[in-house]
Amino acid sequence: LEVFFTAEDLSQFNGLNGKPIYLSVMGIVYDVTPGEDFYAVGKAYGCFAGKEVSRCLAKMEINDNEANAGWVNLNEEHAKTMLEWKAKYDTKYKIMGRFAPDAYYEQRGVMFGE
């Protein structure tokens with residue numbers, strides 16, 4: 001049975017109150033709790049905890065300004081970077097399910113540009 005996470009669902013998995021840390025890249029939700037030294041609140045990538053962060057990783061932006069937004073309009077360089085990050089997560093972290101985007105997911109991505 002495949003599990004789907006909305007942005008609201010995913011936001012609950014931020015490492016606080018004993019919860020694991022999940023994030024999503026290209027619609028795949030990973031358990032990054034083993035990397036809590038990086039992903040816990042207050043750590044280098046803590047802003048990614050509990051979010052879909054494809055655009056953030058693609059643009060190498062260590063903030064969540066473009067989290068939970070579509071990535072289909074990224075330029076070739078950013079798309080390549082995003083694929084490299086996804087490959088890294090695929091080999092390093094357990095897949096927990098899929099991200100279920102809301103109706104405005106792609107529109108938000110387009111607003112951010114490539």
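Student: Which residues do ring pairs link into a cluster?

Tutor: The general idea is a distance between ring centres: rings of Phe, Tyr and Trp (its six-membered ring) pair if their centres lie within 6.5 Å, and the planes count as stacked when under 30 degrees apart, as edge-to-face when over 60, and as tilted for the rest. In this structure, such pairs join Tyr 30, Phe 38, Tyr 39, Tyr 45, Phe 48, Trp 85, Tyr 89 and Tyr 93 into a cluster. Please keep in mind that this is a predicted model, in which local features need pLDDT of at least 70 and side-chain atom pairs count only at pLDDT 80 or more, whereas totals for chains, interfaces and linings use all residues. Residues are numbered from 1 along each chain as its sequence is written, and side-chain values use heavy atoms, with hydrogens and water left out.

Student: Where does a charge sit over a ring, and which lysines are involved?

Tutor: A charge sits over a ring if NZ of Lys or CZ of Arg is within 6 Å of the ring centre and within 35 degrees of the ring normal. The charged end of Lys 19 is placed over the ring of Phe 13, 5.2 Å from its centre, while Lys 88 lies over the face of Trp 85, at 4.7 Å from the ring centre.

Student: In what order do the four strands form a sheet?

Tutor: Strands of a sheet pair through backbone hydrogen bonds, either parallel or antiparallel. Two strands pair if DSSP finds at least two bridges between them, and the elements themselves are DSSP runs, helices being H or I of at least four residues and strands E of at least two, numbered from the N terminus. Here the four strands make an open sheet in the order β1-β4-β3-β2, with mixed pairing, and its edge strands are β1 and β2, each of which pairs on one side only. Strand β2 and strand β3 (residues 28-31) run antiparallel and are joined by four bridges; Tyr 22 stands opposite Asp 31, and Ser 24 has Val 29 as its bridge partner. Two residues lie between the strands of this hairpin, where Met 26 takes a positive phi near 55°.

Student: Are the faces of β2 covered or open, and which residues lie on each side?

Tutor: Both faces of β2 (residues 22-25) are covered, with Tyr 22 and Ser 24 buried on one side and Leu 23 and Val 25 buried on the other. Lys 86, in helix α4, counts as buried because its relative accessible area is 18%; its contacts (heavy atoms within 4.5 Å), leaving aside residues up to four places away in sequence, are with Val 25, Met 26, Ile 28 and Tyr 30.

Student: Where is Leu 74 found, and which residues does Leu 74 touch?

Tutor: Leu 74 is in the loop between α3 (54-58) and α4 (76-92), and with 10% relative accessibility Leu 74 counts as buried. Not counting residues up to four places away in sequence, Leu 74 touches Arg 55, Ala 58, Lys 59, Ala 79, Met 82 and Glu 114. Leu 74 and Glu 114 are 40 residues apart in sequence, yet 4.2 Å apart in space, C-alpha to C-alpha. By contrast, Leu 16, in the loop between α1 (7-11) and β2, is partly exposed, with a relative accessible area of 41%.

Student: What pattern does the chain follow along the sequence?

Tutor: The five helices and four strands of the chain follow the pattern β-α-β-β-α-α-α-β-α. Of the 114 residues, 41% count as buried.

Key: Buried < 20%, exposed > 50% of the residue type's maximum accessible area, 1.4 Å probe, protein only.
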